[in-house]
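Here's a quick tour for someone meeting this structure for the first time. Take a look, and then we'll walk through a few of its parts.

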Amino acid sequence: MSDDIQRQEEDWIARCRKGETQYFRFLVERYERMVRGVIRRLIAAEHDVDELAQQSFVSAYEKLAQFNGSCQFSTWLCQIALNKARDAMRARRHRESDLDVGELELMSDGDVPQAQIETQQEKQRRDRQLQAALGALKPEDREVIVLKYLQEYDYDCVSGMLGCTVQAAKVRSLRARERLKDILQRMGVKL
Amino acid sequence: MKTMDNEPLSTDDARLEAWLARAPLPPASPAFCERAMRAIEDRPRPWHVRLRRFLFAPRPLQWNVAGLAATVGLVTIAVVAPMLIARGPVAPDIGAVNVTTVRFEYRAPGAHQVALAGDFSQWQARVPLRKKADGTWVAELPLAPGSYEYVFVVDGERWVADPHATSYREDGFGNRNAVLSVPSI
């Protein structure tokens, strides 16, 4: 993030803290795709995504006084979204694996050439494949995949968000990646 | 691309990470932003935030000539009326302005009590004199300019006109009162 954008965010946050709620809109507009994306991947479902994302923003606004700037606002917000997703999954006693991997084979790429320019349809197919594969992972594997490989946070951030050591985050990341790779191969997805 | 920050990735792992990195984000949703902001704005805020907002929120000012004239009139009344009320009716202020302190003396070495009675006390013997060592009784009284009739009341029963007064006036009952003129300063 550039210094200008960083300063702009700090200004918006300071104004929100003074009660100028309208400045929070800029933060919502900047990060709504990220928050909705993270939650959608974390819960591996389509329903309740917007509701949980909205709860994440409301919670961030309410806790804004606690944001001390030790990390980027987006990281802090992502942590809140992660907690909301965890709460939701606990509340609905989410099954560890939503999908039978056998069902996933129906989503295989078949003979689609990899080098061709990606069409909207192909993007949608890959999105569905990823969503299905994440749904087949355990929630703790899913979390580390989302944070490390989809959001591309470094291990310091990931370990902070997951509440573990950097080394533990690295090990979890490696194992989760192996499991995801295995699931994708069984689905017939060509990487 | 590396894994665990320092080990080279296998081809499969590199492909997987590249594949994941291309995962699309959901499309932007202005409707979501609206709903989220409405949820934030509708939630109850702490009292100090509400107070600050009430006090410092900018408000549009709309006006017309009639409204402005009425406002000026009300403001004028609000400013001038208290001043007029505070001044009250125009009248001489005998309490604080243009007052002369008059010294009254009466020599009565054998008396036990001497007081003044006159116009200034509604003829009640309410102004006591104090006795000096030489037998002279003395009192000082602040009086506004004017003419006053008075007597000394000795031992509560004997009314005596001041023997050193410059003028006297008959009281209509066969006695006379001393007359004191207090000039304007």
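At what angle do the axes of helix H6 and helix H9 of chain A cross? They cross at roughly 125° and come within 10 Å. Before going on, note that this is a predicted model, where local features need pLDDT of at least 70 and side-chain atom pairs count only at pLDDT 80 or more, while totals for chains, interfaces and linings use all residues. Residues are numbered from 1 along each chain as its sequence is written, with chains lettered from A and ligands numbered from 1 in the order in which they are written.

**Helix pairs in chain A**

Two packed helices are described by the angle between their axes and the distance between the axes. Here are two such pairs; helices (H or I, at least four residues) and strands (E, at least two) are DSSP runs, numbered from the N terminus. Axes are lines fitted to C-alpha atoms, for helices over the stretch in contact, with angles from 0 to 180 degrees between N-to-C directions.

| Helix pair | Axes come within | Crossing angle |
|---|---|---|
| H6(A) (residues 120–136) and H9(A) (residues 166–187) | 10 Å | roughly 125° |
| H2(A) (residues 24–43) and H4(A) (residues 73–91) | 9 Å | roughly 35° |

H6(A) and H9(A) are therefore oblique to each other (under 35 degrees is roughly parallel, over 145 roughly antiparallel, 65 to 115 roughly perpendicular and the rest oblique). On the H6(A) side, Gln129(A), Ala133(A) and Ala136(A) make the contact, and they meet Leu180(A), Ile183(A), Leu184(A) and Met187(A) of H9(A). Contact here means that C-beta atoms, placed from the backbone, lie within 7 Å. Sorted by class, that's six nonpolar residues, one polar and no charged ones (Ala, Val, Leu, Ile, Met, Phe, Trp, Tyr, Cys and Pro count as nonpolar, Asp, Glu, Lys and Arg as charged, and the others, Gly among them, as polar).

As for H2(A) and H4(A), their contact includes Tyr31(A) and Met34(A) of H2(A), along with Leu77(A) and Cys78(A) of H4(A). This contact has 14 nonpolar, one polar and one charged residues.

**Where the chains meet**

**A hairpin in chain B**

Strands E10(B) (residues 167–170) and E11(B) (residues 176–182) pair in the antiparallel sense over four bridges; pairing takes at least two bridges found by DSSP. Tyr168(B) stands opposite Ala178(B) in E11(B). The two strands form a hairpin with five residues between them, and Gly172(B) in the turn has a positive phi of about 90°.

Conventions
Two residues are in contact if their C-beta atoms, placed from the backbone, lie within 7 Å.
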